[in-house]
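Dear colleague,

Please find below the sequence and structure that I am handing over to you. My findings follow directly after them.

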Amino acid sequence: LTLVRPLLTGITHFPVMGIEAPSGSAKTTGMFALMVSLSGNLAGPMVPSVAVLRDELKINNSGVAWVDDASKVELYQEIMRALSSSSTVAKKGENRMDTVDAVLRGSLMMSGEALALGGQQAMLDRVLLLEPPEIVGRRSVVTRDPAGEFVSQWADVVALMGRYPRAGAGAGAGPDLSVLGGDVVRLDARG
């Protein structure tokens, strides 16, 4: 939260975050996976249909729905517009004949190599777009190897994920940092 707060100056309602970074930059497995887990999302990244994403954002008001490497981001534009304007999205009613309004309450994170928002000012106005730097060569500021050299920053990420495994999940499943969520919010509130 502290890292993103300066980017949000003057913004009152910004539920869509976009992350553009090259392949191999750890968008799906690194810091962003930890951040999403911290928010309470244990499902991890998905490439949902529009209906599945709409329903996820309708029922989820405390975590982040994460769309990763979607080939056609434009399919989600109606949802992105509704999220950023506190409006609704139409869906079929229970009887499959009526149309009802779905109020979207969640937050959305989209990640990929190219989200194709560059030429669309209306979409750029709705998305907080991050372009994180390459991770190659980043060194830990905490962990040293036996020779006293700082290890790769990735070693710290792997160690943190190992301390908070997701209960009942198989190999390769993301961590469960949701247990730390309240602590992080409390620490961030201190400034």
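Helix α1 is followed by G40, whose phi is positive, near 110°. Helices here are DSSP runs of H or I with at least four residues, strands are runs of E with at least two, and both are numbered from the N terminus.

This is a predicted model, in which local features need pLDDT of at least 70 and side-chain atom pairs count only at pLDDT 80 or more, while totals for chains, interfaces and linings use all residues. Residues are numbered from 1 along each chain as its sequence is written, and side-chain values use heavy atoms, with hydrogens and water left out.

Overall architecture

The chain has 6 helices and 8 strands, arranged along the sequence as β-α-α-β-α-β-β-β-α-β-β-β-α-α. Of its 191 residues, 34% are buried (under 20% relative accessible area, with exposed over 50% and partly exposed in between; 1.4 Å probe, protein chains only). Among contacts (heavy atoms within 4.5 Å) with a separation of 6 or more, 65% are between residues 24 or more positions apart.

Helix α1

Within α1 (residues 31-38), the buried residues are F32, A33, L34, V36 and S37. They pack against the strands β1 (16-20), β2 (64-68), β5 (107-112) and β6 (128-130), and against helix α5 (153-163).

Nonpolar cores

A nonpolar core is taken as a set of buried Ala, Val, Leu, Ile, Met, Phe, Trp, Tyr and Cys residues joined through side-chain atoms within 4.5 Å. The largest one has 19 residues, and L53, L57, M80, L108 and M110 have the most contacts inside it. At least two residues of this core come from each of α2 (50-59), β2, α3 (77-85) and β5; α3 gives the largest share, 4 residues. A second, separate core has 10 residues, including I19, F32, W66 and L128.

Not counting residues up to four places away in sequence, L108 touches P15, V16, M17, L53, L57, V64, A65, V67, M80 and L83.

Residue S111

S111 lies in strand β5 and is buried, with a relative accessible area of 2%. Its side chain is joined to that of W66 by a polar contact of 2.8 Å (a pair of N or O atoms within 3.5 Å; within protein, one must be able to donate a hydrogen and the other to accept it, and residues adjacent in sequence count only if both atoms are side-chain atoms). Leaving aside neighbours within four places in sequence, S111 is in contact with I19, K27, W66, V67, D68 and D69.

Yours sincerely
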